[in-house]
Each structure stands twice: as C-alpha cells, then as structure tokens.
Amino acid sequence: MVKKYQAERKHHKYVTELTQQLFDLLQPLHKLDQNDLELVALAANLHDLGHFIGKKEHHEHSRYIIMNDPLLNDMEERARQTLGLIVLNHRKPTPLEVDPEDSRIKSLIAILRIADVLDYEHKQKVRINHVYYNTEQQTLLLDIKWKSIMKYQKKVEEKLQWAADVWQVAVIVKTKKEQLIVSPFYK
C-alpha cells in the first residue's frame, strides 16, 4: 500500500521502527499485548497514505484508504476499523471518534503520535537513547538525540499532550541541550 499510494517510504519505515521501539520501552505504562503491537506497527506504516489524495486533512484521507482499499479486505472488520481510528488520530490535537473509556486505543494512538513527531523532519535522524517511567513521580522521560526539539516546540507539545493526558504523566523530552515538559491537562 505504501508503494501503491506513493507514500514516503523512508518516513513510514522509520516511524514504524520507532513505534515498535516505543511500544516495547513503554510496556510498563500501557500494558498492551503482541496483537496491539502488530496493529500499531501497521498503523505507523500506513499513517500518511492520505497524502496521495491531499496534504490537507491527510489523516482523514489515510483512514478512508484503509477502510476502502481492497488490499485490506482480508483483515477482520473490527481490526480494520481500529486501524483506521488510530491513523485518523495520529495528528490533530482533538480526539476524533475515540471512546473516552477506551484506554487501549488511546494508548496505541499515543505511541504512534510520539513516533511520528520524532521524525517530524522526515530525515530519520532522531534516536531514542533511553525511556524512563517513574511511577512515584508520574513522569515519563524520553531521552533522545535530536538537534533541536525547540525548533518544533508547538508540534512536539501538541503530539505529546495526548500521551500526557492518556497516561496521566508529565512527559519530559530531553536532549543534550534542551528539555521540554508536557503535563497532563486533567488528573
């Protein structure tokens, strides 16, 4: 599908790799299983297909493609709908069609959003050094290698806000020279 819809292969592949890495590193926080990993990895691989239709609202176009392309007709309908929902919510700050009580879907979206913003420049240069989750302090520290997170501060904050709210933690992104903290809106 990535080839069919002329998607940016390097970005899709890298976001998929970051998603898988984050899924494993954040396991104590989200407590999801292998089936969930496969689903969110597929969402990462397909999240920007909608650019084929148009850049504006590409998240909606991506879901449309997922829900209608015959290449996914063998996929179980519920899994396909979940895949479409994860992709739909990979970019906008306001949740679209997400059940507020569905912590599983919200966690999968959070993981994809973090992975996607870590390759915001589409250059595959950001590296995750360490991830620390402190239950007592309710903090999640992402120690990364990135030239400048502050250059994209607004976008990084927007993407990380979802994770902060879903997991009720302060998300701290730290590089060698910079640090950005996103606290949950609701406790």
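Predicted model: local features only at pLDDT ≥ 70, side-chain atom pairs only at ≥ 80, totals over all residues.
Some overall figures come next. The C-alpha trace spans about 45 × 35 × 25 Å along its principal axes. Buried residues make up 50% of the 187 residues. Among contacts with a separation of 6 or more, 60% join residues 24 or more positions apart. The accessible surface comes to about 10200 Å². Carbon and sulfur atoms account for 49% of that surface. The chain carries 29 positive and 26 negative side chains. The centres of these two sets lie 9 Å apart.

Most residues other than glycine have a negative phi. Is Gln6 buried or exposed? At 66% relative accessibility, Gln6 counts as exposed, because the cut-off for that class is over 50%. The C-alpha atoms of Gln6 and Asp165 are 34 Å apart. Along the chain, 159 residues separate Gln6 from Asp165.

Tyr5 belongs to the segment before H1 as well. Tyr5 is buried, with a relative accessible area of 12%. In one of them, the rings of Tyr5 and Phe52 have their centres 5.3 Å apart. Their planes meet at 80°, so the pair is edge-to-face; the cut-off for that class is over 60 degrees. What does this pair tie together? Phe52 lies in the loop between helix H3 (34-46) and helix H4 (58-68), so the pair ties together parts that are 47 residues apart in sequence. Phe52 itself is partly exposed, with a relative accessible area of 43%. Elsewhere, ring pairs link Tyr120, Trp146 and Tyr152 into a cluster.

Now move into helix H1, residues 9-25. Thr19 has its place in this helix. At 0% relative accessibility, Thr19 counts as buried, because the cut-off is under 20%. Which residues does Thr19 touch, beyond those up to four places away in sequence? They are Val40, Ala41, Ala44, Ile111, Leu112 and Ala115.

The strands follow. His130 lies in strand S1, residues 127-134. With a relative accessible area of 42%, His130 is partly exposed. Leaving aside neighbours within four places in sequence, His130 is in contact with Leu141, Leu142 and Asp143. The C-alpha atoms of His130 and Lys145 are separated by 9.8 Å. These two residues are 15 residues apart along the chain.

Further along comes the loop between helix H7 (153-167) and S3, where Gln168 is found. Gln168 has a positive phi of about 55° although it is not a glycine. At 22% relative accessibility, Gln168 counts as partly exposed, whereas Gln6 counts as exposed.

The last stop is the loop between strand S3 (170-174) and strand S4 (179-182). Glu178 is found in this loop. Where does the chain meet Glu178, leaving out residues up to four places away in sequence? Glu178 touches Lys147, Ser148, Ile149, Met150 and Val173. The C-alpha atoms of Glu178 and Met150 are separated by 7.4 Å. Along the chain, Glu178 and Met150 are 28 residues apart.

Note on methods: Residues numbered from 1 in each chain as written. Heavy atoms only, no water. Buried < 20%, exposed > 50% of the residue type's maximum accessible area, 1.4 Å probe, protein only. Contact = heavy atoms within 4.5 Å. Areas by Shrake-Rupley, 256 points an atom, 1.4 Å probe, with all protein chains shown as cover. Lys, Arg positive; Asp, Glu negative; His and termini not counted. Charge placed at Lys NZ, Arg CZ, Asp CG, Glu CD. Helix = DSSP H or I, 4+ residues; strand = E, 2+ residues; numbered from the N terminus. Phe/Tyr/Trp six-rings, centres within 6.5 Å; stacked < 30°, edge-to-face > 60°.
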